[in-house]
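Notebook open, viewer open. I'm jotting things down in the order I looked them up.

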Amino acid sequence: MAIDQNVEELLIMGDSDLIIRQAQGEWETRDVKLIPYKKHVEDLGKRFKSIEFRCNPKQQCKKQVLGDYCYMMPPKRRKYCRSLPPDVLSDLADNVIDVILMCLPCKDSVRTSILSKKWRYHWCRLTKLTLDSSLWVTKKDLLNPTVKFTKIIYQLLSLHEGPITKFTLNIGFLENCPDIGNFISFLSRKDIQHLVLDLSWKKLYKLPSSLFTCSQLRHLTLRDDMRAENLDFAKVFESCSALEHLRLDFFNTMFYDHYDEAPTRLPFVLNSVKQFYLPHIMLIDSYELSFALFLIRSFPCLEYLEIQVYNEEDSGTEESLELKHLSKVTFNHLREVKIELCTRRTSEMQLIKLLLANSPVLVRTLIDRKFLDDEPLDTRLQVFAEISKFSHASPKAEVVYLD
């Protein structure tokens, strides 16, 4: 940088007396690995009119850097800078360091260990963690990503202290992922409250039973290929009685092998669930739809419902018998509904009509019109007119079309 800015006189300061003396030629450089660097420094030195090497102890270097920093500040703020202790980072309070680390990506939080002894294992007390491909995929991969992932998990298991309230695991593109059962068991003992599992679509996972010992769990998101064999859902939700926010991806997920047919509802009401997300759900009579509706019936205090419709070419044009059974349910707390990827199929219109008619405190129904916009104008106007004629149980309910 000094060469690029046409600097003629250069002062280089360092805290290693050995390196400084070797660079000045006072002492011989014997380390074979350092000889090429010594030669490179000599070649670069020829491009300056004068170059001086000066050794300063570490503490003196810190004061010098702080002094230069103060000099560059506006005059009114220099008095505050002079009052700072020489080692600002090491003197920060623990709670301040915690806030700084929580604002950083997980990878950078771990890197702060090199700043000082006080920072070395501070990341081990983080309460919010996100593990994704940025941790184990690099431009020069010398180690298999699965091996890297396993090492990271081992470090967390062995080093982390205290609670983990929020955890996100995204291994969607990781091949040959090892079993995550032990890690989920570890989280269940860490007072986990917010858990997101985005697993690989290349492998079908068996949902670890330890997940349902998380009594403080409030937010649960399960994406992609999950299987819960021989799992009693009554016990599952009874254990997670604090659950408020639930997202289940039914596209490749299998939660119902234990049952010959989908149950109607849980043997108890789960009043805690306020928000329910159902991505990739087909509104045709099927076991998946029956199971999704079974859960909706079991959440009487639901306030927000989001359904992302998934349709195949031969989805059919008839009404769903399963949805007709839902018409007997009144959603006394439902305030907002969102229907994504609406394509004006009969079952979709049936669902919208049912929710408008059975939700007495509904405020908004949001309809994604992305696919509708591909239809001719006359078709779109016909759909909008039909929906506008549906009866509303709530006088405040409005239908909003999203672009």
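Which residues is His-219 in contact with, leaving aside its neighbours within four places in sequence? I got Gln-193, His-194, Leu-195, Val-196, Leu-243 and His-245. A caveat before I go on: this is a predicted model.

**Entry: His-219**

I checked where His-219 sits, and its place is in strand S7. Buried or exposed, I wondered about His-219? His-219 is buried, because its relative accessible area is 14% and the cut-off for buried is under 20%. I then went back to His-194 from the contact list. The side chains of His-219 and His-194 are joined by a polar contact of 3.5 Å.

I zoomed in on one pair, S4 (residues 166–170) and S5 (residues 194–198). These two run parallel and are joined by five bridges. At this pair, Asn-170 stands opposite Asp-198 in S5.

**Entry: helices across the sheet**

**Entry: salt bridges**

How many salt bridges does a search of the whole structure find? It finds 11. I went through a few of them.

Arg-218 and Glu-244 came up, with their side chains meeting at 3.2 Å, N to O. Arg-218 lies in the loop between S6 (205–206) and S7 (219–223), and Glu-244 in the loop between H9 (233–239) and S9 (245–248), so this pair ties together parts that are 26 residues apart in sequence. Both ends are partly exposed: I have 39% relative accessible area for Arg-218 and 37% for Glu-244.

Then I took Glu-336 and Arg-364, which form a salt bridge with the closest N and O atoms 3.2 Å apart. Here the two residues sit in strands: Glu-336 in S12 (residues 336–340) and Arg-364 in S13 (residues 364–368), so the bridge ties together parts that are 28 residues apart in sequence. Glu-336 is partly exposed at 21%, and Arg-364 is partly exposed at 30%.

Arg-380 and Asp-373 were next, and their salt bridge spans 4.0 Å, N to O. I have Arg-380 down as buried at 19%, whereas Asp-373 is partly exposed at 31%.

His-280 has a positive phi of about 55° although it is not a glycine. His-280 lies in strand S10 (residues 275–281) and is partly exposed, with 30% relative accessibility. Leu-341 also has a positive phi, about 60°, and it is not a glycine either. I located Leu-341 in the loop between S12 and H12 (346–357).

**Entry: whole-protein numbers**

I finished with the totals. I count 13 helices and 14 strands in the secondary structure. How much of the protein is buried? Of its 403 residues, 41% count as buried. I also looked at contacts between residues at least 6 apart in sequence, and 79% of these join residues at least 24 apart. The accessible surface comes to about 23,500 Å², and 52% of that belongs to carbon and sulfur atoms.

Key. Residues are numbered from 1 along each chain as its sequence is written. This is a predicted model: local features need pLDDT of at least 70, side-chain atom pairs count only at pLDDT 80 or more; totals for chains, interfaces and linings use all residues. Side-chain values use heavy atoms; hydrogens and water are left out. Helices (H or I, at least four residues) and strands (E, at least two) are DSSP runs, numbered from the N terminus. Buried means under 20% relative accessible area, exposed over 50%, partly exposed in between (1.4 Å probe, protein chains only). A polar contact is a pair of N or O atoms within 3.5 Å; within protein, one must be able to donate a hydrogen and the other to accept it, and residues adjacent in sequence count only if both atoms are side-chain atoms. Contact means heavy atoms within 4.5 Å. Two strands pair if DSSP finds at least two bridges between them. Accessible areas come from the Shrake-Rupley method with a 1.4 Å probe; for residues, only the protein chains shown count as cover.
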